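The following note is intended for a colleague who is meeting this structure for the first time.

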Amino acid sequence: MTSLSPALRSPRPGLPAPPAGPPTISPVVMLNVGGDFYTTNVNTLRKLPGSKLAEMFSSSAKVCTDAEGRFFIDRPGTYFGPILDFLRSGQLPTQHIPEVYREAQFYDIKPLIKLLEDTPQLFGEQVARKQFLLRVPGYSENLELMVRLARAEAVAARRSGVLVCAVRTEEDAAHCADTLRTLEADKTSVVKFGPWKASPDIRDLLDCVKMDIEAQGYQVSYERYSEKSFRAKVANYFYIFLFTWW
């Protein structure tokens, strides 16, 4: 660890050191961000007082350095460049927006966070899809349960299936109640989503489930559950999610 306030040294051997004054730092700063190197002005890093990045380079901060004396930040370096570009000139990134958004949140660059949230890519995710999923009770817990069930059935199998029941309204839930009780009596595991109070339909919910499971690195697809004993009026609520392991 080192300080951004270097000790004052005598300009020549035998001459007294200059009088003590406020701590100073070279205006040019060399950075190693996760193995990517950057050179910038310290005022750029301090441009937004109160941000985590500004605090990291305040005069009293203690920071790590690499073997070459560059200030080291243990974060993905690829996405630090767009952060610097924004601080320098207000330029917004056009690529890797979700990744830059994550780094802007880490460094607490609030103006950039707000601008990125207004981009179509993040607006759709943060405002539309995410807000919908917040209205689906137990959504995250159900995803975790689906993965656990799929992994439990994966021993010596190429694929494993998880049965899902998706009901949008209380009326839908009433239609499925008897079938769910029958499946429970047969010790068949079913992950139930809904009902929810939002406009997206069952297919939208299933697409979200597929998207979020794939984001965890799994290969998954879904199709309507074709159990012949199901009554026609409940067939539209039951789906099988197929996890492919190899």
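1. The model is a predicted one. Across the whole structure, a search finds 11 aromatic pairs. In one of them, the ring centres of Phe 80 and Tyr 107 lie 5.4 Å apart with the planes at 65°, and the pair is therefore edge-to-face, since planes over 60 degrees apart are counted in that way. Phe 80 belongs to helix H3 (residues 80-89) and Tyr 107 to helix H4, so this pair ties together parts that are 27 residues apart in sequence. Both Phe 80 and Tyr 107 are buried.

2. A further pair is formed by Tyr 139 and Phe 193: the ring centres are 5.9 Å apart and the planes stand at 55°, so the pair is tilted. The two residues come from distant parts of the chain, with Tyr 139 in helix H7 and Phe 193 in strand E7 (residues 190-193), 54 residues apart. Tyr 139 has a relative accessible area of 5% and is thus buried. Phe 193, with a relative accessible area of 0%, is buried.

3. Phe 80 and Tyr 107 also belong to a cluster, which ring pairs build from Tyr 38, Phe 80, Phe 106 and Tyr 107. A charged group is found at one of these rings: the charged end of Arg 75 sits over the ring of Phe 106, 3.9 Å from its centre. An arrangement of this kind is also found for Arg 158, whose charged end sits over the ring of Trp 246, 5.3 Å from the ring centre.

4. How many salt bridges does the structure hold? There are 10. One of them joins the side chains of Arg 129 and Asp 212, at 2.7 Å from N to O. This bridge links distant parts of the chain, because Arg 129 lies in helix H6 and Asp 212 in helix H9, 83 residues apart. Are its two partners buried or exposed? Arg 129 counts as buried at 15% relative accessibility, and Asp 212 counts as buried at 15%; the cut-off for buried is under 20%.

5. The surroundings of Asp 212 deserve a separate remark. Leaving aside residues up to four places away in sequence, Asp 212 touches Arg 129, Leu 133, Tyr 139 and Leu 143. Among these contacts are Arg 129, the salt-bridge partner of Asp 212, and Tyr 139, whose ring pairs with that of Phe 193.

6. The side chains of Arg 181 and Asp 178 meet at 2.3 Å, N to O. Both residues lie in helix H8 (residues 170-185), 3 residues apart, about one turn of the helix. Asp 178 counts as partly exposed, at 43% relative accessibility. Lys 210 and Glu 214 are 4 residues apart, which means a separation of about one helical turn. An α-helix has 3.6 residues a turn, so residues three or four places apart point the same way. Lys 210 is partly exposed, with a relative accessible area of 25%, and Glu 214 is partly exposed at 35%.

7. Salt bridges that share partners also join Arg 75, Arg 102 and Glu 103 into one network. Arg 75 is the residue whose charged end sits over the ring of Phe 106.

8. Helix H6 (residues 120-134) has 15 residues, which at 1.5 Å a residue should span 21 Å; its end C-alpha atoms are 20 Å apart, in agreement with that value. Which residues of H6 are buried? They are Leu 122, Arg 129, Phe 132 and Leu 133. These residues cover an arc of only 160° around the axis, and they therefore fall on the same side of H6. The face turned away from this buried side carries the exposed residues Pro 120 and Leu 134.

9. What do the buried residues of H6 pack against? Their partners are helix H4 (97-107), helix H5 (110-117), helix H7 (139-152) and helix H9 (202-214). Helix H9 is also where Asp 212 lies, the residue that meets Arg 129 in a salt bridge.

Methods
Residues are numbered from 1 along each chain as its sequence is written. This is a predicted model: local features need pLDDT of at least 70, side-chain atom pairs count only at pLDDT 80 or more; totals for chains, interfaces and linings use all residues. Side-chain values use heavy atoms; hydrogens and water are left out. The expected span of a helix is 1.5 Å times one less than its number of residues. Buried means under 20% relative accessible area, exposed over 50%, partly exposed in between (1.4 Å probe, protein chains only). The arc is that of the directions from the helix axis to the C-beta atoms. Contact means heavy atoms within 4.5 Å. Rings of Phe, Tyr and Trp (its six-membered ring) pair if their centres lie within 6.5 Å; planes under 30 degrees apart count as stacked, over 60 as edge-to-face and the rest as tilted. A charge sits over a ring if NZ of Lys or CZ of Arg is within 6 Å of the ring centre and within 35 degrees of the ring normal. A salt bridge is a side-chain nitrogen of Lys or Arg within 4 Å of a carboxyl oxygen of Asp or Glu.
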